[in-house]
Amino acid sequence: MKLIVGLGNPGKPYDRTRHNIGFEVIDAISQKWGISLNQSKFKGIYGVGHIQGEKVFLLKPLTYMNLSGESIRPLMDYYDIDIEDLVVIYDDLDLPVGRIRLRQKGSAGGHNGIKSTIAHIGTPEFNRIRVGIDRPPSGMKVPDYVLGKFSAEEQEEMKEMIKKCTEACEDWLEKPFLQVMNVYNQ
């Protein structure tokens, strides 16, 4: 079994914001793989399907970003999903728009959704896909920036990045995460 989690905030005001790129990747995977996000439990919305012979869960925590772990941990416990079978997709200020970075472990790097995930699953050693949203322009506060929308130019780059994230997740169903990292971190 594999669990793919996209971090974001629920509700219309947060739709298509930089901070919700994890949700957008889950929506793209859901559509491509035909996995309906039709179950509401574990403080989130999720769907289950079979891809390439592998049972796959897609999860969008509805706890708001800062409490994401409150959704992830109960689903993992209920379905007995191992840490190595988890990947979390989220926005990253330290990467430029259009870049993704796969990691198997690391600190939260100031990301509250990852802080919550680490606190609830009990380890910083889990697979993750960081999606670049770049730093805010000078003088703009980080919360205002991450809750803002992408420019028209950035939206084109994001479509390509979402496609890359989807492909990385597909590859992970067949190959070790380290091997997938080596392909997508170039």
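Axes here are lines fitted to C-alpha atoms, for helices over the stretch in contact, and angles run from 0 to 180 degrees between N-to-C directions. Helices (H or I, at least four residues) and strands (E, at least two) are DSSP runs, numbered from the N terminus.

This is a predicted model, in which local features need pLDDT of at least 70 and side-chain atom pairs count only at pLDDT 80 or more, while totals for chains, interfaces and linings use all residues. Residues are numbered from 1 along each chain as its sequence is written, and side-chain values use heavy atoms, with hydrogens and water left out.

Stay with α1 and α5. From α1 come Ile21, Glu24, Val25, Ala28, Ile29, Lys32 and Trp33. They meet Met158, Ile162, Cys165, Thr166, Cys169 and Glu170 in α5. Contact means heavy atoms within 4.5 Å. By class, this contact has nine nonpolar, one polar and three charged residues. Ala, Val, Leu, Ile, Met, Phe, Trp, Tyr, Cys and Pro count as nonpolar, Asp, Glu, Lys and Arg as charged, and the others, Gly among them, as polar.

Now take α1 by itself. The expected span is 1.5 Å times one less than the number of residues. Buried residues in α1 are Ile21, Gly22, Phe23, Glu24, Val25, Ile26, Ile29, Ser30 and Trp33 (buried means under 20% relative accessible area, exposed over 50%, partly exposed in between, with a 1.4 Å probe and protein chains only). These buried residues pack against β1, β3, β4, β5, β7 and α5. Just after α1, Gly34 takes a positive phi of about 70°.

Next comes α5, residues 152-172. This helix has 21 residues and reaches 31 Å from its first C-alpha to its last, close to the 30 Å expected. Its buried residues are Glu154, Met158, Met161, Ile162, Cys165, Thr166, Ala168, Cys169, Glu170 and Trp172. An α-helix has 3.6 residues a turn, so residues three or four places apart point the same way.

Lys164, Glu167, Ala168, Asp171 and Trp172 in α5 meet Phe177, Val180 and Tyr184 in α6. By class, the contact has five nonpolar, no polar and three charged residues.

Look at Val180 in α6. At 1% relative accessibility, Val180 counts as buried. Leaving aside neighbours within four places in sequence, Val180 is in contact with Leu102, Ala168, Asp171, Trp172 and Lys175. Lys175 sits in the loop between α5 and α6. With 32% relative accessibility, Lys175 counts as partly exposed. Its C-alpha is separated by 14 Å from that of Leu86, 89 residues apart along the chain.

Move on to α3, residues 112-121. Gly113, Ile114, Ser116, Thr117, Ile118 and Ile121 are buried there. What covers them includes α2, β5 and β7. Thr117 has 0% relative accessibility and so counts as buried. Not counting residues up to four places away in sequence, Thr117 touches Ser68, Gly69, Ile72, Val88, Gly122 and Phe126. Just after α3, Gly122 takes a positive phi of about 85°.

Finally, two loop residues. Most residues other than glycine have a negative phi. Gln52 has a positive phi of about 50° although it is not a glycine. Gln52 lies in the loop between β3 and β4, and is partly exposed, with a relative accessible area of 48%. Tyr64 also has a positive phi, near 75°. Tyr64 lies in the loop between β4 and α2. Its relative accessible area is 43%, so Tyr64 is partly exposed.
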